Amino acid sequence: RRGGRPALPGRPALLHVLHGWGGGAERFVCDLAAADAGRTHLVLVARGDHDKPPFGRRLCLHADLDAPPLHSWELSAPISDCAACSTEVAAILSTLKDAWGVGAVLVSSLVGHSLDVLRTGLPTALCTHDAFPLWPLLHDARDPEHEAFDREALAKQLAAAGRDFVFAGRDARAWWSLREALLAELAARDVLLVAPSDFARRRLCALAPALAERRWQVVEHGLAP
């Protein structure tokens with residue numbers, strides 16, 4: 001089992017927010033859930049069809065990622081890549097807080113989600129496994145300390161992106177607007193940022209200097225035997 005222990009009444013619940021792509025982010029969530037006996041771990045996964053946009057066609061709530069979801073919500077307005085807001089998602093989160101006694105939120109991916117996951121009013125942390133959606137080109141290996149990661153550079157990179165660019169949107173203005181919305185929410189909600197290394201923290205702060213003003217915690221990755 002990779003999703004932690006069954007949900008039990010009276011035990012505090014931690015809500016993970018995750019994409020449906022598997023990989024390292026999912027491994028992180030599963031390892032944390034398996035190692036933490038003090039809380040119920042729930043995982044809200046954004047899923048699409050065949051790993052193609054819209055990546056937030058439905059939201060699925062799991063207590064165990066190897067088992068069928070406890071509940072699934074088909075969104076009438078699917079989230080293509082990431083959205084600044086969604087009344088549907090906000091309503092789902094409100095339902096989860098009340099029904100499952102969620103006491104904190106740990107966001108491991110915003111792919112397929114809306115920024116409403118940062119607006120629950122609960123203690124919230126964002127694990128920076130990548131720079132999305134601050135920078136949607138996931139495999140851009142350029143050094144932000146020496147090369148531009150501004151709006152003009154974003155437009156140029158999006159225009160040059162080939163078929164390996166997985167997201168539907170290629171409008172730099174829309175991505176930059178989402179970036180600004182994310183930075184504003186992180187500041188307004190005092191969201192804790194978690195990085196796997198100090199290098200990752202410094203890289204993100206160089207990419208978006210406003211992040212240097214936020215609260216950070218560096219937690220190095222570990223691998224179970």
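Student: How many aromatic pairs does a search of the whole structure find?

Tutor: Good place to start: this is a predicted model, where local features need pLDDT of at least 70, side-chain atom pairs count only at pLDDT 80 or more, and totals for chains, interfaces and linings use all residues. Residues are numbered from 1 along each chain as its sequence is written, and side-chain values use heavy atoms, leaving out hydrogens and water. Rings of Phe, Tyr and Trp (its six-membered ring) pair if their centres lie within 6.5 Å. Across the whole structure, the number of aromatic pairs found is eight.

Student: What is the geometry of the pair Trp21 and Phe55?

Tutor: Planes under 30 degrees apart count as stacked, over 60 as edge-to-face and the rest as tilted. The ring centres of Trp21 and Phe55 are 5.2 Å apart and their planes stand at 75°, so the pair is edge-to-face.

Student: How many residues apart in sequence are the parts that this pair ties together?

Tutor: Helices (H or I, at least four residues) and strands (E, at least two) are DSSP runs, numbered from the N terminus. Trp21 lies in the loop between strand E1 (13-19) and helix H1 (23-35), while Phe55 lies in the loop between strand E2 (40-47) and strand E3 (56-62). The separation in sequence is therefore 34 residues.

Student: Is Phe55 buried or exposed?

Tutor: Buried means under 20% relative accessible area, exposed over 50%, partly exposed in between (1.4 Å probe, protein chains only). Trp21, at 33%, is partly exposed. Phe55 has a relative accessible area of 3%, so this residue is buried.

Student: What kind of pair do Phe167 and Trp175 form?

Tutor: Their ring centres lie 5.8 Å apart. Their planes are at 65°, so the pair is edge-to-face.

Student: Within what arc do the buried residues of H3 fall?

Tutor: In helix H3 (residues 151-160), the buried residues are Ala153, Leu154 and Leu158. They line one face of the helix, because, seen down the axis of H3, the arc (of the directions from the helix axis to the C-beta atoms) that holds these buried residues is 130°.

Student: Which exposed residues does the face of H3 turned away from its buried side carry?

Tutor: What covers the buried residues of H3 includes helix H4 (172-188). The face turned away from that buried side carries Glu152, Lys156, Ala159 and Ala160.

Terms used:
Contact means heavy atoms within 4.5 Å.
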